[in-house]
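My notes follow in the order I made them.

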Amino acid sequence: MKTEDCEPAEAGGSAPVTVIHPDAGASAIQVQGFEKIDTAGSIHDAEVVVCAGRGAMEDDNFEKIKALAAKIDASVAGSRPMADNGWIPFENQVGQSGTVIRPKVCFTFGISGAIQFTEGIKGDPMVIAVNKDPHAAIFSFADYAVVSDMGSVLDALLK
Ligand SMILES: Cc1cc2nc3c(=O)[nH]c(=O)nc-3n(C[C@H](O)[C@H](O)[C@H](O)COP(=O)(O)OP(=O)(O)OC[C@H]3O[C@@H](n4cnc5c(N)ncnc54)[C@H](O)[C@@H]3O)c2cc1C
């Protein structure tokens, strides 16, 4: 029955209700296969990792981060909001509830530096953090602090 075929019930009245029992043995959903998102290499073994945070969701920042990673042969990882929102696969989430990485060099772009994130970076790598907030906690974890909008920093690095 189409919706437009139904007459709305008067307030306080009772509309006719059609109960449909779907065939429990059949499924309308057919899985055609699974597509693996390109993770640009495993973050477990990577010597250089580029981590994207929530700030990377703006503009084309994440595209630039992936381009930088490709240019320097790094793996792309990220914070939990990036995984929760489908920008990276869960296995590329760094942190307490994600993956622990041990790179030699780690870039972070638009990551605030919550302990649940930094817990996922072991081995005392060189950390280069880019954040537009000069008070971001990531700067007390980083070896190099770049206080700037990531877009312009990425443009410069890609040149
Ligand atoms: C039990 C538990 C487990 C958790 N496990 C994890 C985990 O495994 N991994 C994890 O990451 N988090 C985890 N979290 C979440 C964690 O607490 C933080 O919420 C999360 O790490 C924040 O991610 P973020 O830094 O990307 O985002 P935000 O905290 O929102 O920070 C975004 C940052 O981007 C900066 N920014 C925005 N735009 C720009 C721009 N254009 N240029 C430069 N900088 C910009 C902002 O200044 C800000 O500092 C967990 C939380 C709980 C409670």
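I take helices (H or I, at least four residues) and strands (E, at least two) as DSSP runs, numbered from the N terminus. This is a predicted model, in which local features need pLDDT of at least 70, side-chain atom pairs count only at pLDDT 80 or more, and totals for chains, interfaces and linings use all residues. Residues are numbered from 1 along each chain as its sequence is written.

Ligand. I looked up its shell, counting a residue as near if its C-beta atom, placed from the backbone, lies within 6 Å. I found 28 residues around the ligand, with G53, G55, S79, R80 and G95 the closest. At least two shell residues come from each of α2 (80-84), α3 (115-118), β4 (126-131) and α4 (150-158).

Strands. I then turned to β1 (residues 48-52), which runs parallel to β2 and is joined to it by four bridges; pairing requires at least two DSSP bridges. Opposite V49 I found S75 of β2. I checked both faces of β2 (residues 75-78): S75 and A77 on one side, V76 and G78 on the other, are all buried (20 or more other C-beta atoms within 10 Å of the residue's own, C-beta atoms being placed from the backbone).

Methods. A residue is buried if 20 or more other C-beta atoms lie within 10 Å of its own, exposed if 12 or fewer, and partly exposed in between; C-beta atoms are placed from the backbone.
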